[in-house]
Amino acid sequence: MQPELPAGLRHRTVEAPAGRLHLVEQGTGPLVLLVHGFPESWYSWRRQLPALAAAGYRAVALDVRGYGRSSRPATADAYRMLDLVADNVAVVRALGEESAVVVGHDWGSNIAAVSALLHPEVFRAVALLSVPYAPPGGPRPTDVFSHIGGPEQEFYVSYFQEPGRAEAEMEPDVRGWLAGFYAALSADTMPAADEPDPHFVSREGGRLRDRFPAGVLPAWLSEDDLDVYAGEFERTGMTGALNRYRSMDRDWEDLARYEGAPIRQPSLFIGGAVDASTTWMADAIDAFPATLPALTASHLLDGCGHWIQQERPDEVNRLLTGWLGRLA
């Protein structure tokens, strides 16, 4: 279902390399581009759009290619990072702007970071939520992920990379799968430390959802919110979203010339203290003095999980608007 928007929020579509990108925008002023992650949509920024508009910014949240009302190219190769960066540049140009601050969450954090790395003339500053910046380089991603988990369980990224495999689990019950996945990574509903880790699947015919909490929604997610997300993925299927995982080796090849490269624009990081993205990537956070030399601030929100701008909208809005104000 397409949610009814409050006054001041506007739907629009723009032409981009993807074909068509769907945006929701609010406010006037300097452009702030909001890029979501998996498995979400522009709707994950519903609490930030009005706050940014009230602070004097033109806030624009897009459906990344493969999601929602944006175009869904057929091949996995069309979801490489270079194409997603080109989409972001096209959005800025289509909106009649010369530059923007780009803010990303989850996969959107990676997309925002590489957008800033490749196009500093367009993206004058970057804010990264949940997933810290790690420069391109290192071993081939599929080689790394295939060794995570050991002989009895498989890492979720490897599980997602095989075409059709995750879709067979998700698409018969999109709403139930999303509810479990959101709950599994939310601070108030995630499994306890001594329970099976929901980032892994048993190699003996298991499913990710076997490790999800059942029958509970996190506090940030209402039944109506879940209906919005489920309605979009029931309509589109999950392949477009999953193709981001299936392009990681191609990204590794495409970005090899940027190995170890820092992002030199002003930057901000906000993560959840109990989010696996921040605990597993603690070394990347420690490396920020070298990889983000113009970092303004790095925040870890106590008791917060992965869906940070939805779990803690007021804190994230305060940190974002304060940082943006200091940029000016």
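## Basis of the model

In this predicted model, local features need pLDDT of at least 70 and side-chain atom pairs count only at pLDDT 80 or more, while totals for chains, interfaces and linings use all residues. Residues are numbered from 1 along each chain as its sequence is written, and side-chain values use heavy atoms, with hydrogens and water left out.

## Overall fold

The chain has 15 helices and 10 strands; helices (H or I, at least four residues) and strands (E, at least two) are DSSP runs numbered from the N terminus. Its C-alpha trace spans about 55 × 45 × 40 Å along the principal axes. A compact globule of 328 residues would have a radius of gyration near 20 Å, and the 18 Å of the chain agrees with this. That radius is taken over C-alpha atoms, and the globule rule is 2.2 Å times the number of residues to the power 0.38.

Of the 328 residues, 57% count as buried, where buried means under 20% relative accessible area, exposed over 50% and partly exposed in between (1.4 Å probe, protein chains only). Among contacts (heavy atoms within 4.5 Å) between residues at least 6 apart in sequence, 75% join residues at least 24 apart.

## Helix 1 and Q48

Q48 lies in helix 1 (residues 48-54) and is buried, with a relative accessible area of 0%. Q48 and Q310 are 262 residues apart in sequence, yet their C-alpha atoms are 9.0 Å apart in space. Leaving aside residues up to four places away in sequence, Q48 touches L34, Q309, P313, V316, N317 and L320.

## Helices 7 and 8

Helix 7 is mostly covered, with 9 of its 11 residues buried. These are V174, W177, L178, A179, G180, F181, Y182, A183 and A184. The buried residues of helix 7 pack against helix 5, helix 6 (165-170) and helix 8.

Helix 8 (residues 223-236) has 14 residues, which at 1.5 Å a residue should span 20 Å; its end C-alpha atoms are 20 Å apart, in agreement. The expected span is 1.5 Å times one less than the number of residues. In helix 8, D225, L226, V228, Y229, A230, G231, E232, F233 and T236 are buried. The buried residues of helix 8 pack against helix 7 (174-184), helix 9 (239-242) and helix 14 (308-311). After helix 8 comes G237, with a positive phi near 80°.

## Pockets

On a 1 Å grid over the protein atoms alone, a cavity is a set of points where a 1.4 Å probe fits but cannot get out, and a pocket is an open set with protein on both sides within 12 Å along at least five of seven lines; lining residues have an atom within 4 Å of a point. Grid points are joined across faces, edges and corners, and a volume is the space filled by probe spheres set on the points.

The largest pocket holds about 1,300 Å³ of space. Its lining has 41 residues, and N110, A134, F145, M248 and M281 lie nearest its centre. Elements giving two or more residues to this lining are helix 3 (107-118), helix 4 (141-146), helix 5 (156-161), helix 10 (248-254), helix 11 (276-280) and helix 12 (282-286). By class, the lining of the largest pocket has 30 nonpolar, 6 polar and 5 charged residues; Ala, Val, Leu, Ile, Met, Phe, Trp, Tyr, Cys and Pro count as nonpolar, Asp, Glu, Lys and Arg as charged, and the others, Gly among them, as polar.

The second largest pocket has a volume of about 240 Å³. Of its 17 lining residues, M190, P191, D197, P198 and H199 are closest to the centre. Helix 11 gives the most to this lining, with 3 residues. The lining of the second largest pocket comprises 11 nonpolar, 3 polar and 3 charged residues.

## Cavities

The structure holds 2 cavities of 30 Å³ or more. The largest cavity has about 70 Å³ of space. Of the 13 residues that line the largest cavity, V64, Y67, W107, I111 and R244 are closest to its centre. Helix 3 and helix 9 each give two or more residues to this lining, and helix 3 has the largest share, 3 residues.

The second largest cavity has a volume of about 40 Å³. V35, L62, V64, R65, L84, D87, N88 and I111 line the second largest cavity, and helix 2 (residues 81-94) provides the largest share, 3 residues. By class, this lining has 5 nonpolar, 1 polar and 2 charged residues.
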